[in-house]
Structure formats: C-alpha cells, structure tokens
Amino acid sequence: MKRPIYLDCHATTPVDERVLEAMLPYFRESFGNAASVGHFYGWEAEATVKLAREAIANAINATPEEIIFTSGATEANNLALKGVAEAYHQKGRHIITVQTEHSAVLDPCAYLQSLGFEITYLPVKFDGLIDLTELESAIRSDTVLVSVMAANNEIGVLQPIAKIGQICHDRQIVFHSDAAQAIGKIPIDVNAMQIDLMSLTAHKIYGAKGIGALYVRRRPRVSLAPQLHGGGHERGMRSGTLYTPQIVGFAKALEIAIASQAQEQQKALDLREHLWHRLSELDHIILNGHPTQRLAGNINVSFTGINGAALMLALQPVVAVSSGSACTSAKTAPSHVLTCLGHSKELAYASIRFGIGRFNTFNEIETVANHVIASVRSLQQE
Ligand SMILES: *Cc1c(COP(=O)(O)O)cnc(C)c1O
C-alpha cells in the first residue's frame with residue numbers, strides 16, 4: 001500500500017535523519033545517568049545534557065538554568081499552570097487564559113477551577129486573535145497568571161505575544177505561553193517578548209516524542225511548585241532521570257529549525273499559498289483564522305454544505321490531514337477552536353487542517369489539491 005501524503009505536521013512530525021543520528025550513541029554506548037556523579041558514564045551524560053541545555057536556552061535567548069526538561073508540552077503546561085497556581089495562591093487565585101487554547105492548557109485550568117481557582121477564558125475575534133483591551137480589562141488585583149499560546153495548533157494564528165508580555169510585565173503578573181507550535185517556526189526571544197514561562201516540545205519540530213521543556217524565568221524569579229516529586233532533578237522542579245537521547249535530539253532539532261528557519265518557512269508559505277490558490281477554485285470555502293498572522297505551514301479550511309465525515313473518508317487514501325472534529329475516547333465533538341470562531345457544529349466538522357512541513361514537495365501539494373477539489377465537487381453533487 002502506498003502511504004498517504006502527510007499533511008498533519010501540527011499533530012507530529014517525523015524525526016529528521018540528522019536528529020536521529022545525533023541521538024543514537026546515547027541509547028547504547030553513552031547510556032549513563034546524568035545524575036550519577038561518581039563515574040565516567042554519569043559525567044558523560046551530564047556533560048551531554050549540559051551542552052543540549054545550553055543550545056536550547058540559546059535558541060530562545062534564555063540561560064541554561066531556566067530550562068526544565070519535561071516529557072513534552074502537555075507536562076510543561078501542567079507544570080506551569082498548576083505550579084504557579086500552587087506557588088502563588090496566597091497572592092491570588094485568578095488565572096486568565098483563552099477559549100481556543102490547547103486542551104493541555106484548558107484541562108489543567110478546569111482542574112484548578114475545581115480546586116477553587118477562578119479562570120477567565122477570553123474569547124477570540126473572528127480572525128482567531130484575542131482583543132488586547134479585553135485582556136487588560138480582565139486583569140484583576142488577584143490575577144496571578146496569564147496563559148496565551150503563541151501559535152494555535154488548529155488555525156495557526158499567532159497571538160501578539162510581545163504585547164501580551166508587556167501588559168503582564170507592567171502589572172507584575174506571570175505570563176505563560178504554550179509555544180509548542182511556534183518554536184522553531186517563528187523567532188522567539190523570551191526577553192524581548194517578556195515571557196516568564198514557556199512550554200516547548202520536540203516532536204513538532206522533527207525531534208522525538210516524549211521530550212519537551214518548560215522555560216522558567218529566573219530574573220525576576222518565577223516560583224513554581226513541583227508537580228513530580230522524586231530525586232530533585234531539574235533544580236527540584238521536575239524529578240526523574242533525564243532522557244539523554246531525547247534531550248540531545250531535541251537540541252539538534254531546534255538548532256536545525258532555527259538555522260533553516262527563514263528558508264524553510266518561506267518554502268512552507270509558498271506551498272501553502274499554492275494550496276490555497278488551488279482550493280480557491282472551489283465555491284463556498286472559508287479560510288479559518290487570520291489570513292496572514294499565522295504559521296507559514298498552516299491553512300484551515302471550511303467547506304460549507306459538505307458532510308465532514310464523508311469528506312474525511314474521501315481524503316484518507318490520498319492525504320493524512322485532521323478535520324474539525326476532536327475525537328475523544330467515547331464521542332466525537334466539533335473543534336472548540338472553530339466553534340469559538342462562530343462556526344456551527346456542521347461547519348466545524350466540514351473543516352480540514354492542512355499542516356505543511358519540511359519534507360513536503362510541490363508535487364505533493366498538487367496531488368492533494370487535485371484530490372480535495374475532486375472530492376469536494378463530487379460531494380457537492382450528492
Ligand atoms: C502538540 C501540542 C501540545 C502537546 O504537546 P506534547 O508534547 O505532545 O505533550 C500542547 N500544546 C500545543 C499548542 C500543541 O500543539
């Protein structure tokens with residue numbers, strides 16, 4: 001069977017060959033535990049992790065001590081939200097976030113709400129962006145944390161992170177950003193953007209799954225209550241033996257993404273523009289999210305009057321994409337991001353997220369465009 005063309009790079013990406021090469025020695029030969037202080041194997045692992053940590057810190061203009069390795073962005077978000085809520089609860093119990101955040105932010109917020117914290121969920125405008133004056137007016141004297149993602153995983157929109165950082169900084173409120181989709185794809189500088197906490201993950205940038213990090217500002221210091229207790233690794237903030245191969249791969253993946261950022265994002269943008277240009281041959285389509293303030297490799301398109309499930313079935317043999325339905329274990333629900341934009345349940349289902357990445361080619365985009373156009377036309381005739 002020929003594999004379908006992969007256009008789901010917001011879900012995950014394949015490990016880059018160069019990343020895999022960098023990781024391999026750390027599975028067998030250099031397998032030490034970075035916390036083993038008494039022998040060569042431990043020193044070797046420790047030195048390796050140190051270099052990787054420096055590279056990751058450099059990539060976002062942080063210092064190495066500010067990088068806390070986690071199992072990914074889900075864990076980083078949990079550590080940021082619950083860790084701040086617990087550490088600052090005497091100062092206040094109010095948190096501000098956005099309705100269109102990833103579930104790895106929304107679910108910890110719901111959990112905190114169940115513990116008695118108050119959460120304000122900011123709405124978004126039709127273009128998917130928040131209104132900064134609404135953010136400002138949501139801030140209260142007991143607000144301890146603002147959490148706004150840098151790039152949305154469904155519609156790719158880029159929130160005005162530096163402006164949000166400024167607003168939070170002026171009021172001395174901790175600012176967290178889930179940058180799982182943004183890192184490596186847009187320039188990120190935690191100081192210029194005044195970010196206090198930032199969640200990262202490797203597997204969206206051609207690193208391996210199971211590794212990520214939380215950036216935690218040291219000046220002025222952000223306090224966090226640890227959520228995993230154990231051997232006191234990562235300056236007490238996240239216990240557990242460091243996963244050396246994944247960490248090495250994460251650093252390598254980030255280095256590659258940043259070194260090739262301008263060129264790679266331009267290519268993704270060209271492919272995306274071409275795909276949108278081709279899809280525009282169809283009637284009744286809607287581009288979801290801001291037309292330009294978005295990730296280069298993302299378009300999210302609604303096909304009005306089309307049955308979403310039938311469209312996905314028609315696309316599956318040719319292209320791997322995600323639809324506007326979020327499948328949980330038991331039931332299917334329409335994407336909360338698309339319904340926040342004002343879409344009906346049906347229109348949310350009839351939406352496709354195209355995530356273009358490093359390894360996609362012009363010919364693939366042509367094949368996909370032809371197939372989507374033909375599929376939609378045949379469904380429109382039914
Ligand atoms: C993928 C993703 C996550 C989850 O990251 P994991 O490393 O898979 O836990 C969180 N937030 C956003 C915005 C994402 O795109």
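The exercises below, each with a worked solution, concern a predicted model. In this predicted model, local features need pLDDT of at least 70 and side-chain atom pairs count only at pLDDT 80 or more, while totals for chains, interfaces and linings use all residues. Residues are numbered from 1 along each chain as its sequence is written, and side-chain values use heavy atoms, with hydrogens and water left out.

**Exercise 1. Backbone angles**

Task: State which peptide bond is cis from Arg219, and find where Gln194 and His284 lie and whether each is buried or exposed.

Solution. 
Step 1. Most residues other than glycine have a negative phi, and most peptide bonds are trans.
Step 2. The bond that joins Arg219 to Pro220 is cis, and its omega is near -10 degrees. Pro220 sits in the loop between strand E8 (212-216) and helix H7 (244-259). Helices (H or I, at least four residues) and strands (E, at least two) are DSSP runs, numbered from the N terminus.
Step 3. Gln194 is not a glycine, yet its phi is positive, about 55 degrees. Gln194 belongs to the loop between strand E6 (174-178) and strand E7 (197-201).
Step 4. His284 also is a residue other than glycine with a positive phi, near 60 degrees. The loop between helix H8 (261-279) and strand E9 (285-287) holds His284.
Step 5. Buried means under 20% relative accessible area, exposed over 50%, and partly exposed in between (1.4 Å probe, protein chains only). Gln194 has 17% relative accessibility, so Gln194 counts as buried. His284 has 56%, so His284 counts as exposed.

**Exercise 2. Helices H3 and H4**

Task: Describe how helix H3 (residues 73-88) and helix H4 (residues 103-114) pack.

Solution. 
Step 1. The angle of packing is about 30 degrees, and the axes of H3 and H4 are 9 Å apart. Axes are lines fitted to C-alpha atoms, for helices over the stretch in contact, and angles run from 0 to 180 degrees between N-to-C directions.
Step 2. Angles under 35 degrees count as roughly parallel, over 145 as roughly antiparallel, 65 to 115 as roughly perpendicular and the rest as oblique.
Step 3. The crossing of H3 and H4 is right-handed. A crossing is right-handed if the near helix is turned clockwise from the far one by less than a right angle, and left-handed if anticlockwise.
Step 4. Contact means heavy atoms within 4.5 Å. On the H3 side, Thr74, Asn77, Asn78, Leu81, Lys82 and Ala85 take part, and on the H4 side Ala104, Val105, Pro108, Cys109, Tyr111 and Leu112. The residues of this contact of H3 with H4 are eight nonpolar, three polar and one charged. Ala, Val, Leu, Ile, Met, Phe, Trp, Tyr, Cys and Pro count as nonpolar, Asp, Glu, Lys and Arg as charged, and the others, Gly among them, as polar.
Step 5. Ala104, in helix H4, is buried at 7% relative accessibility. Neighbours within four places in sequence aside, Ala104 is in contact with Thr74, Asn77, Asn78 and Leu81.

**Exercise 3. Helices H8 and H12**

Task: Describe the crossing of H8 and H12 and list the residues that make the contact.

Solution. 
Step 1. The two axes come within 10 Å and cross at roughly 25 degrees. H8 and H12 are therefore roughly parallel to each other.
Step 2. H8 and H12 have a right-handed crossing.
Step 3. H8 contributes Leu271, His274, Leu275, Arg278 and Leu279, and H12 contributes Phe362, Ile365, Glu366, Ala369, Asn370, Val372 and Ile373. In the contact of H8 with H12, eight residues are nonpolar, two polar and two charged.

**Exercise 4. Aromatic pairs**

Task: State how many aromatic pairs the structure holds, then classify the pair of Phe31 and Tyr41 and the pair of Tyr206 and Phe359.

Solution. 
Step 1. There are three aromatic pairs in the structure. Rings of Phe, Tyr and Trp (its six-membered ring) pair if their centres lie within 6.5 Å; planes under 30 degrees apart count as stacked, over 60 as edge-to-face and the rest as tilted.
Step 2. For Phe31 and Tyr41, the ring centres are 5.2 Å apart and the planes stand at 35 degrees, so the pair is tilted. Tyr41 is partly exposed, at 38%.
Step 3. For Tyr206 and Phe359, the ring centres are 5.5 Å apart and the planes stand at 85 degrees, so the pair is edge-to-face. These two residues are 153 residues apart, with Tyr206 in the loop between E7 and E8 and Phe359 in the loop between strand E15 (351-355) and helix H12 (362-381).
Step 4. Tyr206 is buried at 6%, whereas Phe359 is partly exposed at 45%.
Step 5. Phe31, Phe40 and Tyr41 make up one aromatic cluster.
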